[in-house]
Amino acid sequence: MSRPPLPPFDEAGAVLKVRSAEDGWNTRDPERIALAYSEDSRWRNRSVFLTGRPAIVDFLTGKWERELEYRLIKELWAYTGDVIAVRFAYEYHDAAGQWFRAYGNENWKFDDDGLMTHRHASINDVAIDESERLFFWDHSGPRPSDHPGLTELGL
C-alpha cells in the first residue's frame, strides 16, 4: 500500500502530507486514520507509548470518546528527506462541557511507501472559555479551505 506523497519530500509534498494528515484526523475515524501508519508504527503521544495499527485504533477510539467536537489544524514546521515536523492545535470539550485548546509539536518519519513509521507528539492542554474558541467548521469533516490556519489565527 502506498500513501503519496512519498519521500524524499519537497516543500509541496510536505505541505500536502501535513494537510492530508489533518483532514484524516478531523474525520475522527480511527480505522481510516490508522491506514496512514505502517503496520508496526511506533508512537509516543504525551506519556503514552504504543506500537502497531491495532494499538493506534484503540488509542484514537478512546481519545474521541473523551475529546468531543474535536477540530484540528496542523502546520508544516520543517521537513527533510523522510522526516516532517509539524506544529498543531486542536479544540475540543469534555463531557462536562469544558472547552480546551491543545497545542503541540509532532515529529514524523516515513517509509518508502509514504506510511508513517514513527510519530512523536508533545502536547499541552489549556482550558478555554467557549467564547475563546477559534476553530469553527462542521466537526464531522475537514477544515474548509477558507478557514484560517494557525499562523493566520495568531497561534
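Trainee: Among contacts in the protein between residues at least 6 apart in sequence, what share joins residues at least 24 apart?

Mentor: That share is 58%, where a contact means heavy atoms within 4.5 Å. Before going on, please keep in mind that this is a predicted model, in which local features need pLDDT of at least 70 and side-chain atom pairs count only at pLDDT 80 or more, while totals for chains, interfaces and linings use all residues. Residues are numbered from 1 along each chain as its sequence is written, and side-chain values use heavy atoms, with hydrogens and water left out.

Trainee: Okay, and how many helices and strands does the protein have?

Mentor: There are three helices and six strands, and from the N terminus on they run α-α-β-β-α-β-β-β-β. Both kinds are DSSP runs numbered from the N terminus, with helices being H or I of at least four residues and strands being E of at least two.

Trainee: What radius of gyration does the protein have?

Mentor: The protein has 15 Å, which agrees with the value near 15 Å for a compact globule of 155 residues; the radius is taken over C-alpha atoms, and the globule rule is 2.2 Å times the number of residues to the power 0.38.

Trainee: Which residues of helix 3 are buried?

Mentor: They are Arg-53, Ile-56, Val-57, Phe-59, Leu-60, Gly-62, Lys-63 and Trp-64. Buried means under 20% relative accessible area, exposed means over 50%, and partly exposed lies in between, with a 1.4 Å probe and protein chains only. In the protein as a whole, 46% of the 155 residues count as buried.

Trainee: And what covers those buried residues of helix 3?

Mentor: The cover includes helix 1 (11–27), helix 2 (30–34), strand 1 (37–45), strand 2 (48–51), strand 3 (68–80) and strand 4 (83–93).

Trainee: Switching to the backbone, where is there a cis peptide bond?

Mentor: One joins Pro-4 and Pro-5, with omega about -5°, and another joins Pro-7 and Pro-8, with omega about 5°.

Trainee: Why does Arg-28 count as partly exposed?

Mentor: Because its relative accessibility is 24%. Arg-46, in the loop between strand 1 and strand 2, also has a positive phi, near 60°, and counts as partly exposed at 29% relative accessibility.
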